[in-house]
Amino acid sequence: MKAMICTMALGMLLAGAIPAAADDAAALYKSKCQVCHGADGKGTGAGQKMGARDFHSPEVAKQSDAEMVKITKEGKGKMPKFEGKLTDDQIKGLITYIRGLK
Ligand code: HEC
C-alpha cells in the first residue's frame with residue numbers, strides 16, 4: 001500500500017514537472033496581466049488607454065529581458081508593480097511567455 005502511494009506521488013510529480021513552468025506562466029498571465037495586456041498581448045481597450053503598448057511592437061521587442069523584468073517588478077506609468085507578488089522565476093517565465101504570444 002505504502003509503495004503504491006509512493007509510486008502515485010512520484011508519477012504525479014513527474015507528470016507535473018515538465019510542462020509546469022509554461023502552464024504556470026499562462027495561468028499567471030491570464031489572472032494578472034490579461035486585463036490590461038489582452039490574451040494576444042496587443043493590449044485591451046482599457047490597457048491601451050493607460051498606455052500599454054502591443055508586446056509585438058518593435059519598441060517592446062527591442063527591450064532586453066532584463067528591462068522587461070524590471071518594468072514588471074517595479075511598474076511603470078500605470079503599470080502596477082509586481083515585486084513581492086510574483087517571484088523572480090515567475091516574472092522571467094511571464095516575459096518568456098509574452099515574447100511567445102502570437
Ligand atoms: C492595470 C493594467 C496592467 C496590468 C494588470 C499589467 N500591466 Fe503591464 N503595462 C501596463 C501599462 C499601462 C504599461 C505601459 C507603461 C508605460 O510605458 O507607461 C505596461 C507595460 C508593461 C511592460 C513593458 C512593455 C512596454 O510597453 O515597454 C511589460 C513587460 C509588462 N507591462 C508586463 C506585464 C506583466 C508581466 C503583467 C502581469 C504580471 C502586467 N504587465 C500587468 C498595464 C498593466
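I began with the contacts of Ile 98 (contact means heavy atoms within 4.5 Å). Leaving aside residues up to four places away in sequence, I found that Ile 98 touches Tyr 29, Phe 55 and Met 68. I note that the model is predicted, that local features need pLDDT of at least 70 and side-chain atom pairs pLDDT 80 or more, and that totals for chains, interfaces and linings use all residues. Residues are numbered from 1 along each chain as its sequence is written, and side-chain values use heavy atoms, without hydrogens and water.

Buried means under 20% relative accessible area, exposed over 50%, and partly exposed in between (1.4 Å probe, protein chains only). Of its 14 residues, Tyr 29, Phe 55, Leu 86, Leu 94, Ile 95 and Ile 98 touch the most other members. Helix α6 gives the most to this core, with 4 residues; helices are DSSP runs (H or I) of at least four residues, numbered from the N terminus.

I then turned to the iron atom of the ligand. His 37 (NE2) and Met 79 (SD) coordinate this atom at 1.9 to 2.0 Å. His 37 lies in helix α2 (residues 20-37) and Met 79 in the loop between α5 (65-74) and α6 (88-100), so the pair ties together parts that are 42 residues apart in sequence. I recorded His 37 as buried, at 13% relative accessible area, and Met 79 as partly exposed, at 24%.

How values were computed
Donors are N, O and S atoms within 2.8 Å of the metal (3.2 Å for Na, K and Ca); water is not among the atoms, so sites may look incomplete. Helices (H or I, at least four residues) and strands (E, at least two) are DSSP runs, numbered from the N terminus. A nonpolar core is a set of buried Ala, Val, Leu, Ile, Met, Phe, Trp, Tyr and Cys residues joined through side-chain atoms within 4.5 Å.
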